[in-house]
Structure formats: structure tokens, C-alpha cells
Amino acid sequence: MSDEQHMRAALALAARGLGNVWPNPSVGCVIVRDGRVVGRGRTAAGGRPHAETEALKAAGPAARGATAFVTLEPCCHWGRTPPCTDALVAAGVKRVVVALVDPDRRVDGEGLRRLREAGITVEVGLLEEEARRINAGFAKRLEQGLPLVTLKLATTMDGRIATRTGESQWITGPEARRIAHALRGSHDAVMAGSGTLLADDPELTCRLPGYAPLPTVRVIADARLRTPLGARLFNAEAPAWIVTRPGHEPAGLAQLTQQGAEILEVAAGAQGGLDPAAMLRALTGRGITRVLVEGGAALSAGLLRAGVVDRVAWFTAPSLLGGDGLPALRELGIGRLADRPMLRVTGRRPAGDAWLVEADLLPSPG
């Protein structure tokens with residue numbers, strides 16, 4: 001196998017950890033000696049142990065003289081575990097191939113320098129863009145103080161999410177819902193607005209067996225504190241966070257915390273709603289790196305207007321609801337075509353009888 005094939009194997013390991021390692025990055029490591037894979041590892045649930053430690057443990061003495069393929073620069077600082085650079089040196093690894101330099105200021109090239117000082121051959125940049133995409137949430141949290149935001153929508157072909165009476169379950173079929181649960185499992189948190197909570201009473205959990213060893217955080221954007229005490233949100237064994245504005249009666253807040261909710265108060269935005277950036281910064285402050293937004297139309301539009309959405313996952317079902325159906329997005333206030341959000345499609349695939357289109361938001365021309 002070639003170096004690229006080994007790195008792709010390491011990237012596949014890293015991708016499997018998404019949603020389960022925050023606030024850490026998800027890293028994969030493959031150790032190869034004499035053309036044979038002798039160790040594999042990825043960042044464990046909760047962020048420890050690190051991928052290199054797991055791969056070296058699997059390799060044992062066979063790591064001496066081997067090549068380690070790592071998707072992110074090995075750490076060189078002490079945290080809850082010793083530096084991975086020290087572990088690689090102690091194991092006698094001869095060569096380290098790294099996909100991406102760590103954007104963490106505590107590392108950011110220092111890990112590479114220490115490996116080279118120890119006499120290890122270091123190569124950087126193999127499949128760098130693929131590695132950057134996997135850890136885009138980790139990098140955005142460090143560089144901008146915001147999590148990666150993916151907007152997930154499920155609509156009819158004419159862009160409707162519910163009938164005129166509000167009935168929405170189910171626009172798409174079982175296969176699309178299975179994929180949607182996998183999306184939940186690959187994100188640290190799932191967010192919905194209070195309108196969606198009141199209309200659908202969702203649990204917002206990933207219910208694919210074995211997919212999410214670390215329970216996905218459920219976040220409700222609820223400026224007016226309308227979350228009912230009997231919501232199914234409180235029945236699941238996963239964290240429930242309610243983001244609201246300051247000024248609510250202490251008794252109402254206490255009732256929700258008694259149900260197990262954590263209350264995050266953030267600055268109010270326009271018309272008494274929540275400031276989108278402040279809301280996301282509050283999540284980042286608690287370690288969240290990747291957020292999947294599942295509606296509703298007002299929340300989705302607000303995040304798009306604020307320019308904080310990074311990716312879109314849009315399921316389209318082969319059906320129509322007409323102009324009196326509820327639209328996927330509220331008003332964006334666009335007066336010129338030149339100002340509309342533009343996307344770059346990154347993937348298309350069938351989802352049962354529906355289709356999933358995945359895309360990245362392009363930078364605004366303004």
C-alpha cells in the first residue's frame with residue numbers, strides 16, 4: 001500500500017470519532033512497518049486517550065523503526081495525558097507522516113520540531129485538505145470562537161417542511177431519517193428552535209445502536225422560555241441545554257433545571273430573539289465544536305442572516321405541498337440576487353426515495 005492509502009485509512013479512523021471527542025480534535029493514526037500495518041488508533045470517546053497512544057499500544061515492539069501516519073500534528077504539551085510526541089519518540093518510530101499542522105497555539109508546529117530534533121523523519125501535508133475538513137469544527141472553535149454549523153433541512157420538492165396546519169411527520173422516509181440520525185451522531189450538539197420543540201416534541205437523540213458512545217447534547221434556542229416541562233427532551237439520557245435571554249423569572253428557570261436542563265443565558269438579538277453569534281459562542285465556551293441545526297424556519301433563517309452557517313445537508317422528498325405549506329426558511333431580507341447565500345455542492349446521494357444534497361456555504365461577496 002502507498003503512503004496515501006495509509007493516510008486515507010487514518011482519515012477514516014478520524015472521521016469515525018466525530019461527535020464523540022469534543023472539545024478535542026478527532027485524530028486517526030496508522031502505524032506501518034515493512035509494508036504491514038502493525039497498529040491503528042483513533043481519539044477515544046471524550047477525547048482521551050489520543051490516537052497515537054492507542055496505535056502505539058496496538059503495535060507494541062513492532063513500532064520501533066516503523067512509520068506513523070497521523071491526521072493531525074502530534075501534541076507536544078502535557079494535559080490529562082503525556083505528549084504524543086514523547087510517546088512516538090520513546091517507541092522508536094523512525095518516520096512520521098502528518099496530514100495537517102495543529103491550529104492549537106500550544107502545538108502549531110512545535111510537535112513537528114520536537115520529532116525532528118529527536119531524529120525522526122517528518123513529512124507534512126499528505127491529504128491536508130481532507131484532514132482539514134474533518135477537523136473544521138475544532139479549527140473554527142480555536143480561530144473564531146465559534147463551532148462549525150451544519151444546517152439540516154428536510155423538505156418537499158417545493159421547499160416546504162409542513163402542511164398549512166403544521167403537520168410535518170414525516171416529509172421523508174425511513175432511510176433519510178436513518179442518515180439524519182447518523183448526522184446527529186457525528187456532531188457534538190443538535191439544535192432546534194422552541195417552535196420546533198412545541199410542534200414536534202422531538203428527542204433530538206441519535207438512535208443508531210453503537211453510533212454515538214458520547215450522548216449528543218440537545219440544545220433548544222428558546223428566547224421566550226416556552227419549553228414545556230413535559231417535553232420528551234427530558235426523557236433521554238443525554239444533556240439538554242436551553243439557550244435563552246436574561247430576565248426570566250427565577251421560578252421558571254428553576255423548574256427547567258429540576259428537569260435536568262442546563263440554562264445558558266445569552267444576549268438578546270433583534271425583536272427580542274437571541275443573538276446568533278452570542279448563542280454559538282456560549283456553546284463553544286462549553287467545548288462544542290460541531291452543531292447540527294434541525295430547525296425551525298425562523299432559527300435557520302436567523303443563522304443564515306448572521307452568516308454563521310458553514311454547511312447544509314438538504315433532504316428533498318418527491319412530493320409537493322404548495323404555497324400554503326410552511327417554508328423551510330423564513331425571510332432572509334434579500335433584495336438583490338448578488339446578495340443571496342451561495343453554496344458549493346460537495347455531495348449528492350439517494351436517501352431512500354429522497355435525495356440528500358450536501359453543500360458548503362461560500363463566503364459572502366460583501
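How many residues does helix α1 (residues 3–16) have, and how far does α1 reach from its first C-alpha to its last? Select α1 and check: there are 14 residues spanning 20 Å, close to the 20 Å expected at 1.5 Å a residue (the expectation is 1.5 Å times one less than the number of residues). Helices here are DSSP runs of H or I with at least four residues, strands are runs of E with at least two, and both are numbered from the N terminus.

Some ground rules: this is a predicted model, where local features need pLDDT of at least 70 and side-chain atom pairs count only at pLDDT 80 or more, while totals for chains, interfaces and linings use all residues. Residues are numbered from 1 along each chain as its sequence is written, and side-chain values use heavy atoms, leaving out hydrogens and water.

Staying on α1, show side chains for H6, M7, A10, L11, L13 and A14, the buried residues of this helix (buried: under 20% relative accessible area, 1.4 Å probe, protein chains only). Look down the axis of α1: these buried residues fall within an arc of 155 degrees, so they line one face of the helix (the arc is taken over directions from the helix axis to the C-beta atoms). Their cover includes β1 (28–33), β2 (36–42), β3, β4 and α5 (128–134).

Next, select β4 (residues 95–98). Both faces are covered: R95 and V97 are buried on one side, V96 and V98 on the other. In a regular strand, side chains alternate between the two faces of the sheet. β3 (residues 67–70) runs parallel to β4, joined by four bridges (strands pair if DSSP finds at least two bridges between them), and V70 has V98 as its bridge partner. β5 (residues 121–124) also pairs with β4 in the parallel sense, over four bridges, with R95 partnered by T121. From β4 the chain crosses through helix α4 (residues 110–117) to β5, a right-handed β-α-β crossover (clockwise from first strand over the helix to second, strands pointing away from the viewer).

Last stop: an open sheet of nine strands, with mixed pairing and the order β11-β10-β9-β8-β12-β6-β13-β16-β15. The edge strands are β11 (261–265) and β15 (343–351), each pairing on one side only. Zoom in on β10 (residues 240–244), which pairs with β11 in the parallel sense over five bridges; A240 partners A261 there.

Note on methods
Buried means under 20% relative accessible area, exposed over 50%, partly exposed in between (1.4 Å probe, protein chains only). Contact means heavy atoms within 4.5 Å.
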